[in-house]
Amino acid sequence: MPLKKMSRRIMIAGTLIIWSIKFLLRPFIFIDPVLKPLVGLAPNLIGSFLLPFGACWFFQRIFRLETDTDLNVTCSVGLLMVVINEYLQLIPIFGRTFDYLDIISSVIGVFLGHLYFKRLMARYTLATVQAS
């Protein structure tokens, strides 16, 4: 299965999980106070994990993702955008809340997404080379 097709599947699954947490789990289900921080940080963690997969699926012409350097640049740009977005939440007119834990969970998510995407990239590159 090509990497772009796998990225599409992971993006769709991740988006459905985020929507389920934000629109079904948090508003309608009682969450134990011990688990509330984890459920609160999950959308940032999962969304940041999905950054390299989204870049591969949607922006393949901009972010080539053929080498480790391409993946590093893509993840760095994505993380920078997430951090800027979080700091923009300090501006009161947006009506959102700034949280350092969101930034930490985003860093962890991008790191895990980078590792998993790198593993998939190596697998599909190796499969392509062996098929030739």
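How many helices and how many strands make up the secondary structure of the protein chain?

1. The structure under review is a predicted model. Its protein chain contains five helices and zero strands. Read from the N terminus, the order of the elements is α-α-α-α-α.

2. As to overall dimensions, a box of roughly 55 × 30 × 20 Å, taken along the principal axes, is filled by the C-alpha atoms of the protein chain. The accessible surface of this chain amounts to about 8,900 Å². Carbon and sulfur atoms account for 70% of that surface.

3. The protein chain has 132 residues, and 30% of them are buried. Among contacts with a separation of 6 or more, 68% are between residues 24 or more positions apart.

4. The patch is formed by Ile12, Leu16, Trp19, Phe23, Leu24, Phe28 and Ile29. Together, these residues have about 800 Å² of accessible area.

5. Phenylalanine 23 lies in helix H1, which covers residues 3-28. Is this residue, phenylalanine 23, buried or exposed? Phenylalanine 23 has a relative accessible area of 52%, and a residue counts as exposed when this value is over 50%. Phenylalanine 23 is therefore exposed.

6. The protein chain carries 13 positive and 7 negative charges. The mean position of the positive charges and that of the negative charges are 12 Å apart.

Terms used: Residues numbered from 1 in each chain as written. Predicted model: local features only at pLDDT ≥ 70, side-chain atom pairs only at ≥ 80, totals over all residues. Heavy atoms only, no water. Patch = residues over 30% accessible without salt bridge, like charges linked within 9 Å, V, L, I, M, F, W, Y side chains within 5 Å. Areas by Shrake-Rupley, 256 points an atom, 1.4 Å probe, with all protein chains shown as cover. Salt bridge = Lys/Arg side-chain N within 4 Å of Asp/Glu carboxyl O. Helix = DSSP H or I, 4+ residues; strand = E, 2+ residues; numbered from the N terminus. Buried < 20%, exposed > 50% of the residue type's maximum accessible area, 1.4 Å probe, protein only. Contact = heavy atoms within 4.5 Å. Lys, Arg positive; Asp, Glu negative; His and termini not counted. Charge placed at Lys NZ, Arg CZ, Asp CG, Glu CD.
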